[in-house]
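Please keep the sequence and the 3D view at hand while reading.

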Amino acid sequence: MTLVYPETRTQDIRIALQERREELDAEYTAAVAESTLAGVVDSGDDVADLGTKAFNREQEFALAQSLRTRLDQVVRALERLDAGHYGTCETCAGEIPVARLAAFPSVTLCVSCKSRSESRY
Ligand SMILES: [Zn+2]
C-alpha cells in the first residue's frame with residue numbers, strides 16, 4: 001500500500017531548493033575565485049591594464065554579491081520551509097508551483113496574484 005504523504009510537496013520543494021543552493025554555492029565560489037584572479041596585478045601592467053583589471057574585479061565582485069543575495073534567499077526559504085510556512089501564496093493561500101519556488105525562492109505570491117498585484121500599478 002502506498003500512502004501519499006502531504007509532506008511530499010515539502011520534500012519536493014526542499015530538494016529543489018537544496019539543488020538551487022548547491023548551484024548557487026558553486027557559482028559563488030567560482031565568482032569569488034574569478035574576482036581574486038581578475039584583480040591580480042602584474043609587474044608588466046600599464047595604466048590601461050590596471051584600469052581593465054579594476055573594472056573586471058568590480059564586475060566579478062558585483063556578480064558574487066548578487067549570487068550571495070540569491071543564496072541567502074534560498075537559505076531563508078529553507079528556514080521558512082522548516083518552520084512550515086513556505087510555498088503558499090500570501091494572497092489566495094494557493095500552492096505556489098515547486099518550479100517557481102526553485103527559480104524565485106523569495107516569492108510569496110502565486111503567478112496569478114503576482115500579475116494581479118502588478119497590474120494595479
Ligand atoms: Zn495567489
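**Ala93 and the basis of the model**

Ala93 is exposed, with 9 other C-beta atoms within 10 Å. A residue counts as buried if 20 or more other C-beta atoms lie within 10 Å of its own, as exposed if 12 or fewer do, and as partly exposed in between, with C-beta atoms placed from the backbone. The model is predicted: local features need pLDDT of at least 70, side-chain atom pairs count only at pLDDT 80 or more, and totals for chains, interfaces and linings use all residues. Residues are numbered from 1 along each chain as its sequence is written.

**The loop between H2 and H3**

- Ala93 is placed in the loop between H2 and H3; helices are DSSP runs (H or I, at least four residues), numbered from the N terminus.
- The phi angle of Ala93 is near 65°, a positive value in a residue other than glycine.

**Helix H1**

- Helix H1 covers residues 7-38.
- The 32 residues of H1 should span 46 Å at 1.5 Å a residue, and the end C-alpha atoms of H1 are 45 Å apart, which agrees. The expected span of a helix is 1.5 Å times one less than its number of residues.
- Ile13, Leu17, Arg20, Leu24 and Ala31 are the buried residues of H1.
- The cover over these buried residues includes H2 and H3.
- Ile15 also has its place in helix H1, but Ile15 counts as exposed, with 12 C-beta neighbours inside 10 Å.
- Ile15 and Leu78 are 63 residues apart along the chain, and their C-alpha atoms are separated by 9.9 Å.

**Helix H2**

- Helix H2 comprises 37 residues (residues 47-83), which should span 54 Å at 1.5 Å a residue; the end C-alpha atoms are 54 Å apart, in agreement.
- Within H2, the residues Glu60, Ala64, Leu67, Val74 and Ala77 are buried.
- These buried residues of H2 pack against helix H1.
- Asp82 is also found in helix H2, and Asp82 is exposed, with 11 other C-beta atoms within 10 Å.
- Between Asp82 and Gly39 there are 43 residues of separation in sequence and 40 Å in space, C-alpha to C-alpha.

**How H1 and H2 are arranged**

- Two packed helices are described by the angle between their axes and the distance between the axes.
- The axes of H1 and H2 come within 8 Å and cross at roughly 160°. Axes are lines fitted to C-alpha atoms, for helices over the stretch in contact, and angles run from 0 to 180 degrees between N-to-C directions.
- H1 and H2 are therefore roughly antiparallel to each other (angles over 145 degrees count as such).
- The crossing of H1 and H2 is left-handed, a term used if the near helix is turned anticlockwise from the far one by less than a right angle.
- The residues in the contact of H1 with H2 comprise 17 nonpolar, three polar and 11 charged. Ala, Val, Leu, Ile, Met, Phe, Trp, Tyr, Cys and Pro count as nonpolar, Asp, Glu, Lys and Arg as charged, and the others, Gly among them, as polar.

- Cys110 lies in the loop between helix H3 (98-103) and helix H4 (111-119).
- Cys110 is buried, with 21 other C-beta atoms within 10 Å.
- Leaving aside neighbours within four places in sequence, Cys110 is in contact with Cys89, Cys92, Gly94 and Ile96; contact requires C-beta atoms, placed from the backbone, to lie within 7 Å.
- Cys110 and Asp42 are 68 residues apart in sequence and 51 Å apart in space, C-alpha to C-alpha.

Conventions. Helix = DSSP H or I, 4+ residues; strand = E, 2+ residues; numbered from the N terminus. Contact = placed C-beta atoms within 7 Å. Parallel < 35°, antiparallel > 145°, perpendicular 65-115°, else oblique.
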